[in-house]
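Have a look at the model below before reading on. The notes after it walk through the chains one topic at a time.

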Amino acid sequence: MDPEKRPPPVSRRQFASVAAAAAAGFILTACGPKRLRELSRERLAALLEDLEKDYTKRFGTAVVVADTPPIEGVTFAYALDLSRCIGCRRCVYACVEENNQSRDPEVQWIRVLGMNKEKGIDFSESDPYYQPAEVPEEGHFYVPVACQQCRNAPCTKVCPTGATWTEPDGIVVIDYDWCVGCRYCMAACPYGARHFNWAEPTIPRDHLNTKTHYLGNRPRPKGVVEKCTFCIQRVRAGRYPACVEVCPVGARKFGNLLDPKSEIRYVIENKRVLVLKEELNTMPKFFYFYGT
Amino acid sequence: MSIVSQFPRFVAGSFRLVRRGNAAYWAWLAFLAVLIVSGALAFARQVSEGLVVTAMRDQVSWGFYIGNFTFLVGVAAAAVVLVIPAYIYDWKPIREIVIYGELLAVSAILMCLLFVLVDIGRPDRFWHLIPGLGHLNFPRSILAWDVLVLNIYFAINFVVATHILYRAFNGRHYDTRIVVPLVLLSIPMAVGIHTVTAFLFNGLAARPYWNSSILAPQFLASAFCSGPAILLILFQVLRRFTRFEIQDQAISKIAELMAYALFLNLFLHGAEAFKEYYSDTQHLLYTRYWFSGLGEHRTLVPYAWTAVALNLSAFLLFIIPAGRRHWVTLNLGCLATYAGCYIDKGMGLIIPGLTPDALGEIYEYVPSLTELRVAAGVFAVGFLVFTLMLKVAVPISLGEFQHEPDTGEAH
């Protein structure tokens with residue numbers, strides 16, 4: 001190392017004070033509530049401000065970390081029209097951009113399975129890596145799979161530290177600051193919806209979505225699990241998830257399950273609806289239907 | 001003399017004991033040290049770069065580490081095979097050697113905890129699992145149960161082993177008021193750690209290969225094979241290199257218990273295989289991946305059949321009384337049992353459970369060099385701790401290392 005570039009030596013006093021501050025901080029954190037879901041609004045706000053500063057410095061652009069709460073009387077649900085989906089994967093890429101998924105290594109919350117019409121919905125016959133010149137391919141149909149936001153979620157049940165839970169609006173979220181990365185939830189998920197940060201996630205500065213939510217698309221550290229949150233940062237502010245907006249054929253429907261006049265209720269009441277792996281009793285809030 | 005003044009002497013004396021040894025002893029320690037350093041370096045790289053340096057991916061999210069963890073929980077549980085006859089039936093020949101079963105359990109649990117630590121993505125956050133300091137999702141998460149029972153089992157065995165040795169060091173018999181209740185407690189705890197670990201997998205409906213109620217009994221059966229297999233070899237080593245006397249009767253008895261356990265293990269495997277193949281549902285996929293491969297994906301097939309062959313031959317060797325009395329067949333049987341159970345309970349349990357993944361994709365997992373090095377390091381830590389504990393325990397049980405009231409010196 002170039003001696004001139006060497007950082008100035010740390011004096012004994014400096015070291016002692018930093019160490020004491022760290023110890024005090026640790027004890028304070030250890031005694032108080034620790035998980036984000038247990039924090040008071042005030043402490044959460046202070047913590048999110050620190051996060052904003054940290055991200056802003058790291059990415060060189062102003063980042064907002066919102067804590068928009070769930071809306072009273074709203075339970076979100078999703079429906080996907082299998083007869084319309086053409087397998088273009090635009091939802092996959094829109095999701096990556098919107099939710100700040102790592103570009104290298106690649107993390108994708110939506111997995112589109114190419115299926116053979118002769119076989120029907122059969123995972124063991126599906127191909128997530130289909131790469132024809134043009135979609136849809138003759139004799140094929142497509143099943144995009146992301147988090148099914150189960151009402152009886154196996155993933156939240158198994159988490160040893162309670163780092164993942166279902167919010168009052170039905171969205172299953174993860175506390176990225178509390179997850180220990182044991183991946184038990186990934187073993188428990190029947191839909192392969194949970195993804196692990198095997199390495200430090202990388203997002204190019206100019207691709208960062210600066211509008212984030214603390215339970216959703218804020219940048220994640222390595223070694224923790226992440227998944228689809230129905231675009232919590234958008235839907236709690238009254239917008240559609242990014243995948244719904246981008247879908248070129250309108251195969252994706254989203255809305256409030258508790259509102260009898262919502263589009264999602266219309267689909268469930270009037271179309272041929274199914275959920276994946278129904279026999280596991282996970283009770284997904286993500287429905288598939290045949291619109292035509 | 002009070003325990004306050006005597007215990008440090010016991011510790012100091014133990015230190016002197018482990019510092020003494022012949023060339024073979026030091027060569028063994030040096031070998032373990034090399035493995036530990038290599039493992040530590042690999043682990044340091046894994047911490048700085050992330051678990052990307054392993055071969056695990058989203059499809060196969062658990063691998064070699066969790067496989068070893070599962071196997072070693074079984075080894076730890078097997079201490080009770082010795083404890084049950086020793087204490088309940090007061091069967092003298094085994095009673096003398098039960099202390100080694102307990103030390104093995106302590107080392108095995110230590111390795112288990114290390115394997116979990118190296119597997120998690122954020123080892124810096126392990127304290128999140130400590131009740132009070134962090135938040136343990138008890139009783140909902142079976143992993144939370146596992147954390148509790150493993151630590152309690154560790155504590156029980158550690159206390160019992162230390163107490164017996166400390167009392168022996170002072171030339172006194174151990175206190176039955178302490179030992180007997182703890183040993184009696186350790187029996188359900190041993191069954192408990194294994195059952196809970198089985199339930200860890202068993203409770204996941206997403207993985208049909210694990211979601212079978214035969215898993216917990218099968219775990220116990222295989223534990224009662226692999227644990228004693230290690231101990232039998234260890235006893236012969238001790239008998240050869242120290243003045244320690246272990247009666248042939250004791251060894252033959254343990255081998256006989258193993259024969260029954262081997263049969264039960266094979267029977268339960270057979271029952272599971274029958275159900276899978278005869279009913280021939282979509283869930284057969286995972287068993288097929290293990291035994292015959294899926295298409296060109298056949299990485300695990302040789303291991304599967306090796307395990308079957310090893311377990312079968314071990315059973316045949318041990319079911320014949322002459323086979324477990326002759327030292328060649330006895331040791332061959334032990335090695336076959338150990339290797340068979342290691343394949344079966346390690347990779348053979350974890351990998352087919354996750355292959356194909358939940359959405360049907362086949363990712364063929366083969367551990368990376370980093371994983372092998374870290375795992376070898378963890379095993380070396382376990383063997384090191386076990387060796388050092390034996391180094392103290394053997395002279396104490398032989399009465400060679402005892403506190404002398406006058407001088408306080410060990411001789």
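## Ground rules

This is a predicted model, where local features need pLDDT of at least 70, side-chain atom pairs count only at pLDDT 80 or more, and totals for chains, interfaces and linings use all residues. Residues are numbered from 1 along each chain as its sequence is written, while chains are lettered from A and ligands numbered from 1 in the order in which they are written.

## Chain B overall

Chain B has 16 helices and zero strands (DSSP runs numbered from the N terminus: H or I of at least four residues for helices, E of at least two for strands). Its radius of gyration is 22 Å, close to the 22 Å that the globule rule gives for 411 residues, so chain B is as compact as a globular protein of that length. That radius is taken over C-alpha atoms, and the rule is 2.2 Å times the number of residues to the power 0.38.

Of those 411 residues, 47% count as buried, meaning that 20 or more other C-beta atoms, placed from the backbone, lie within 10 Å of the residue's own.

## The core

The largest nonpolar core has 198 residues; such a core is a set of buried Ala, Val, Leu, Ile, Met, Phe, Trp, Tyr and Cys residues joined through C-beta atoms within 7 Å. Helix H6 (residues 98-119) of chain B gives the most to this core, with 15 residues. Leu72(B) is among the residues with the most contacts inside it. Leaving aside residues up to four places away in sequence, Leu72(B) touches Ala108(B), Met111(B), Cys112(B) and Phe115(B).

## Where the chains meet

On the chain B side, 38 residues are in contact with 41 residues of chain A (contact: C-beta atoms, placed from the backbone, within 7 Å). Helix H7 (residues 142-169) of chain B gives the most to that side, with four residues.

## A sheet in chain A

Over in chain A, an open sheet of four strands runs E10-E2-E12-E11, with mixed pairing; strands pair if DSSP finds at least two bridges between them. E10 (252-256) and E11 (272-274) of chain A stand at the edges with a single partner strand each, so one side of each is left without a neighbour in the sheet.

E11(A) pairs with E12 (residues 286-290) of chain A in the antiparallel sense over three bridges, and Leu274(A) stands opposite Tyr288(A) in E12(A).

Note on methods: Buried ≥ 20, exposed ≤ 12 C-beta atoms within 10 Å, placed from the backbone. Contact = placed C-beta atoms within 7 Å.
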